[in-house]
Amino acid sequence: MDSSAIRIAIELGIAALAVVLGLLLRHRRREAGRLRQRLESATGKLQNLQLAFSRFAPDEIIERVIADGPGEIGEKKEVTALFADLMGFTALSERIEPNVLIRVLNGYFDRMSEAISQHRGYVSTFIGDGILALFGALTPNPWQGDDAVHAALAMREALAVYNRELAERGIPELSIGIGLSRGMGIAGLVGSQNLKEFTFVGGTVNIAARVQDLTRQHDADIIVTAALKETLDPRFALRALPDTQVKGVAEPLSLYAVDGFADVAVAGD
Amino acid sequence: MSLMREIPWESCLLEPRRDPKLERRFRRATGRPIGPIIYYSGTSWLDDTTLLFNIDVSKQVSIDSELVGLIAMIVSQDNSCRFCFAETRALLRILGMPERRIAQLEHDLLSEEFDDRERAALEFSRRFSRSNPPPDKRDFDALRTAGYDELQIIEIASIASILVFFNRVTTIFALPPYAFEKLPDRWYVRLFRPLIAYAVSRTGNTAQIDPLRPNERKGIFSEIVLGLDGLPFARSLRKTLDGMWASNVLTRRAKALVMAVVARALGCALAGKEANELLLAEGLRSDEIEEVLTHLASPALTAREQQIVAFARETVWYEPARIQQLGRHAMQGLSREEFVELVAVASIANMTCRLGILAGAA
């Protein structure tokens, strides 16, 4: 083989090597691009998850969970608890089809949640057909008491509208009892290793639930405790109810039914 | 694509108004086009404030401009301000920050991309902006441990407070962020990026320590302003507060009510005490003030004041789409000038009260 043939062979070899290397590089680049895309997509999903979480717990809590895991996270706070329950729901559930019942229940939860969030409340949990909402739990709120009672009145109004819709569909109307209480407690992540939720623990929530139980007894759909009444706008129309002993509280509770709200008379502009 | 682009955003509440004189003034002072001010210009003190705060953000005494950009991004992200976020993101990209580093900041503040010093400043800024709970002595100590001196700490807080102001103004007015969101990817920006970066950086990024003059040490909320003494921003805030107070678009009583409500929401005793004194001077009795601040209503208030008070509380913590809807609702009873001033005063109140909490904590 003469020298020119050897040179051509070497050049061809080098060219082939360059082509192979080029293909390898292109393959690596594509691979890296795909990996980057997957990483971006995963990060995006994580960020979406974080945004979604922010509707269920304060940002501070979410960041601590992300940084340190869901350990023992809690802080002392003053909160107003609103506990709402459907009256006669068990009887209703026996009278209508399960799928209709679920639709009715979801429609009810949607409307009540809207009324609560419009007044800066946060729905902590649904317990069967009950709702626990908190005011002042996610961000400090010096007006939490007024907000909570306005939310209760908005729930009453929203339910009246919903009942008219149900009546048109031939479904029996719903009625609710709402108990409200204000006090100190611990806000934090509560639950088992496998399932945790951001909620508020303490006497305030228990009292709100007990007060809700009394709505039927006192023939009033919205009842507030004296501790909450003290902080309320005097324009709420309140009616004193007989002092009532409730389970878990030593002294009888002074309670008030909420009849409505009188809009403010204003000074001339 | 940034997930910030997915935040629901209403259509802009205001129509842009061209003002060639203001545009020239802005370009001369900042080296940049006028930007968002064309939507809300016309209120003399607010035009001045926008200009002054833009200069304060671009020229620092003791911290570097990259840290300022990072603070602007983190605070804007925390306030879900699509407009300011997109603007800062575009500026950082044009100035040459790699996309990877920006994406890292968007996705994870605690990422290893940031050293301890940067991370401490960013965490502090976010805590300052969020104020839930407000920063306390431990937050200052964390910055000191990270190596920042007192002037640098005040300057970090100042930058975060300016963003607290701009985030509210641009979010409540729902200024359109779309142009900024697409800007860094435009072919001409990519092509001329080094030239644009050079032009922007030519405006300089250093300022000198400049103590307040004796006549600037007085005025409303002077204790809070004095806490910033030494920074050019202290003078800007002094001028802003004086201009806002002197303006006769909204009454002084309405402006003091906004300050008092925001101070009560944030728990700022310093600003709350002074707002209370301003309200007394404007003719409200102590019991009436207490009634307003306890229930956000009183027969002593006019219907317009009632509306203003209700709106002011919403500006402390908010979701963009909801505050924009509330803004649109608040506009109905007010003229354009009154609405613009209301949003501006509420934004200044949020900034001043957060600085007031800091002054107390320091």
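## Strand pairing around β4 of chain A

In this predicted model, A:Gly179 stands opposite A:Ile223 in β6(A), a pairing that belongs to the three bridges by which β4(A) is joined to strand β6 (residues 222-225) of chain A, the two strands running parallel. Strand β4 (residues 175-191) of chain A is also joined to strand β1 (residues 74-87) of chain A, here by 14 bridges and in the antiparallel sense; within that pair of strands, A:Leu82 is found opposite A:Leu180 in β4(A).

Another partner of β4(A) is strand β5 (residues 196-201) of chain A, with which β4(A) pairs over six bridges, again antiparallel.

## Domains of chain A

The domain assignment divides chain A into domain 1, covering 1-53, and domain 2, covering 72-261. Taken over C-alpha atoms, the centres of domain 1 of chain A and domain 2 of chain A are separated by 60 Å.

## Helices α4 and α9 of chain B

In chain B, helix α4 (residues 65-78) packs with helix α9 (residues 150-172) at an angle of about 45°, and their axes lie 9 Å apart. Because angles under 35 degrees count as roughly parallel and those from 65 to 115 as roughly perpendicular, α4(B) and α9(B) are described as oblique to each other. The crossing of α4(B) and α9(B) is right-handed.

On the α4(B) side, the contact is formed by B:Val68, B:Ile71, B:Ala72, B:Val75 and B:Ser76, which meet B:Ile156, B:Ile159, B:Ala160, B:Leu163, B:Val164 and B:Asn167 in α9(B). Sorted by class, the residues in the contact of α4(B) with α9(B) comprise nine nonpolar and two polar ones, with no charged residues.

## Helices α15 and α19 of chain B

A further helix pair in chain B consists of helix α15 (residues 269-281) and helix α19 (residues 336-361), whose axes come within 7 Å and cross at roughly 120°. That angle makes α15(B) oblique to α19(B).

From α15(B), the residues B:Ala269, B:Leu270 and B:Ala271 meet B:Thr352, B:Cys353, B:Gly356, B:Ala359 and B:Gly360 in α19(B). The contact of α15(B) with α19(B) contains five nonpolar and three polar residues, and no charged residues take part.

Note on methods
Residues numbered from 1 in each chain as written. Chains lettered and ligands numbered in written order. Predicted model: local features only at pLDDT ≥ 70, side-chain atom pairs only at ≥ 80, totals over all residues. Axes fitted to C-alpha atoms, helices over the stretch in contact; angles between N-to-C directions. Helix = DSSP H or I, 4+ residues; strand = E, 2+ residues; numbered from the N terminus. Parallel < 35°, antiparallel > 145°, perpendicular 65-115°, else oblique. Left-handed = near helix turned anticlockwise from the far one by under 90°. Contact = placed C-beta atoms within 7 Å. Nonpolar A, V, L, I, M, F, W, Y, C, P; charged D, E, K, R; others polar. Pairing = 2+ DSSP bridges. Domains from an automatic or database assignment.
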